[in-house]
Amino acid sequence: MIKLENISKVYPPKLHALEDASLSISQGEFVAIMGKSGSGKSTLMNIIGFLDKPTTGHMTFLSQDVKALTQTELANLRLREIGFVFQNFNLLPRLNAWRNVALPMAYAKLPRQKRKENAFQLLEQVGLIDRASHLPNKLSGGERQRVAIARALANDPNIIIADEPTGNLDSKTGKNIMDMFCQLHQKGKTLIIVTHDASIASYAQRVVTVHDGKIIHDSQHGDQDD
Amino acid sequence: MEAVIIALWNIVANPLRSFLTTIGIVVGIAAVIVVIAIGEGNREVIQNKIKMMGANLLAITLQNSEFDDGKILAGMPTFVDLKAIATLEKKVPAIEAISPVLRINSRFKYQSKSIKFFINGTYPSYQIVRNLEVLSGRYFSVFEEKHKKRVCVLSKSAAKRLSANGQNILNQNIVIDGRRYKVIGIVNDLPPLQNNAKPEQAYIPYTVMKKEWPYLFLDTVYLTIDKDYAVEKSIGEVESVLQQIYGETSKNWVKGMTDLLKGEKAIIMQTTLIITGVASLSLFVGGIGIMNIMLVTVKERTKEIGIRKAIGATDASILHQFLLEGVMLCVLGGVVGTVFGIVCAQVVAELMEIPVKISWSAIIVALAFSSGVGLFFSLYPAAYASKLSPVEALRYE
């Protein structure tokens, strides 16, 4: 589904955040991208999530050339195909839980009533229906991350990308969240989790290890180092 | 609609900041309202005057008359003679009625009252020329004029002031400058051609006037153009006849209604210009303020922009969001400014004694103006926001 060939990302003047990375992710996979901070795993995630464009290399999504897409087309891909979950939740502080969940549907131009219905349904799925009208600062970390997951699912995307989703949570809540991701995977979502934590990576079927801007290991292909 | 509510929400989230930012807009829009109110008020008054006096009224006035600035140029005739009036009547068929006017401030006495106001010596046709409505009695006749009868027609205000309110002065004798006149009619007050002209007026036959005040010379003749003729073209005809008699010097003697009201218009124009200056200056400064605060807002909400982009907002929707917020900020300022402007217009009307009129179109123009300013000055901040890289915006703390 997503195919990266010899992708590099250079931040001027000459920071090589990613060098010559090749990676292919299929529909329904559960992939962990592992690496220390500064390894280039976030850059890789941003490129996979259409947040950033590679400097060189070739990238396709469902056989279309991503480099040729306009900003608007990329935004539409993020809207329809990707759901993001971030380490620090990234909910809009002035919107309550259900309005946060409904936001992507507004950008997808769903009718208002439908948005609200869907938002409540999604909040029910993550077990937060009774918190629907709370502002994010009235929710606990775990609750916020569940709202974020509900928001990521808003437009029923194929791919969920999670960046250190348990990084700001205690281990029990973290496990709870990871279970939720596993359920999503079972329902057929493609899952990409970026983490430095091996125990989190162990939930995945496939682990891609990034170091110094290079993919040094992909459990699907064995060691690429030599 | 939802977007509007969200924009308002963001504005209300910083009430003091929003208020301070919009002060420039408030002042600017208030000034716009005042300008339009003065303009429309004045236009209405002038139109009313033209309507009341008739758009077909012309005046032939010499220099040093009430309509000019008092310059007497060398070699210029200092009077119009009655023969010229007869010639005009004969040669210009478009003339409906024509009358010379002699005027002087005189003392009027009736019973115990003694008041000074203007007396006008005219032809009987003056009634038609100035569209004087006879309220009771009649205007004097050609016969009375020809035979120098001491008869007098009073304006309504004059009659009221002389007769101690309500007491009938018609057919009574009054004394003007020591001579006795019979009041034969009462006519309506004329709308003044100048702001300072009083409504108290008296009219007597021209011949009588000339006899009693022989030192007065004629410098004003009023005439009206028949409704079947074009006014502008007739002015030309009157001018050419005058030029045959008086030569080139008579060039600017003939004035239509628009000329007669010119002085009044000029004052209003000056006021309007000054306030327009204030309006554009404060709208500009206000607009810069809006731009500044919008840049701050964009900076503060960089993270939010990143989040919105990550979940699928296009550049265009970010652009719209901030444009709308800037416009709403200005429209709020515009609404406050409109209210403030309406109050200011009333104050201006009181202090400067000029007519004002607040109309819906003025309010719509003001609000359109404020949203235009909002749109223009938020363009750069909103464009800046929309072009932010989602990755960098997300990283911003």
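## The nonpolar cores

Let's start on the inside. The largest nonpolar core holds 120 residues, and A:Ile33, A:Val101 and B:Ile33 are the ones with the most contacts inside it. Its biggest contributor is helix α2 of chain B (residues 15-53), which supplies 13 residues. Keep in mind that this is a predicted model.

What does B:Ile33 touch, once residues up to four places away in sequence are left out? The list is B:Thr338, B:Gly341, B:Ile342, B:Ala345, B:Ala362 and B:Ala366. As background, nonpolar side chains tend to be buried together in soluble globular proteins.

## A buried strand in chain A

Now have a look at strand β8 of chain A, residues 190-195. It is largely enclosed by the rest of the structure, because six of its six residues are buried. You can check this face by face: A:Thr190, A:Ile192 and A:Val194 are buried on one side of β8(A), and A:Leu191, A:Ile193 and A:Thr195 are buried on the other.

Which strands pair with β8(A)? One is β3(A), residues 30-34, which runs parallel to β8(A) and is joined to it by five bridges. Here A:Phe30 sits opposite A:Leu191. Another is β7(A), residues 159-163, also parallel to β8(A) and also linked by five bridges. In this pairing A:Ile160 is the residue opposite A:Leu191. To get from β7(A) to β8(A), the chain passes through helix α6(A), residues 171-186, in a right-handed β-α-β crossover.

## Where the chains meet

Next, the contact between the two chains: 17 residues of chain A and 16 residues of chain B take part. On the chain B side, the elements giving two or more residues are α1 (2-12), α11 (302-310), α12 (315-352) and α14 (390-395). Helix α11(B) provides the largest share of that side, with four residues. By type, the chain B side splits into nine nonpolar, four charged and three polar residues.

## A closer look at helix α11 of chain B

Is α11(B) enclosed or open? Seven of its nine residues are buried, so this helix is largely enclosed by the rest of the structure. The buried ones are B:Glu304, B:Ile305, B:Gly306, B:Ile307, B:Arg308, B:Lys309 and B:Ala310.

The cover over these buried residues involves both chains: it includes α2 (71-81) and β6 (82-85) of chain A, along with α12, α13 (360-386) and α14 of chain B. Just after the helix, B:Gly312 adopts a positive phi of about 120°.

Chain B is split into two domains: domain 1 covers 2-47 + 264-395, and domain 2 covers 63-252. Their C-alpha centres are 54 Å apart.

Finally, find B:Arg138 in the loop between β4 (134-137) and α5 (142-146) of chain B. Why does B:Arg138 count as partly exposed? It has 15 C-beta neighbours inside 10 Å, while a residue needs 20 or more to be buried and 12 or fewer to be exposed. Setting aside neighbours within four places in sequence, B:Arg138 is in contact with B:Ile184 and B:Gly185. B:Arg138 and B:Ile184 are 46 residues apart in sequence, yet their C-alpha atoms are 6.1 Å apart in space.

Conventions. Residues are numbered from 1 along each chain as its sequence is written. Chains are lettered from A and ligands numbered from 1 in the order in which they are written. This is a predicted model: local features need pLDDT of at least 70, side-chain atom pairs count only at pLDDT 80 or more; totals for chains, interfaces and linings use all residues. Two residues are in contact if their C-beta atoms, placed from the backbone, lie within 7 Å. Ala, Val, Leu, Ile, Met, Phe, Trp, Tyr, Cys and Pro count as nonpolar, Asp, Glu, Lys and Arg as charged, and the others, Gly among them, as polar. Two strands pair if DSSP finds at least two bridges between them. A crossover is right-handed if, with the strands pointing away from the viewer, the path from the first strand over the helix to the second runs clockwise. Domain bounds come from an automatic or database domain assignment. A nonpolar core is a set of buried Ala, Val, Leu, Ile, Met, Phe, Trp, Tyr and Cys residues joined through C-beta atoms within 7 Å.
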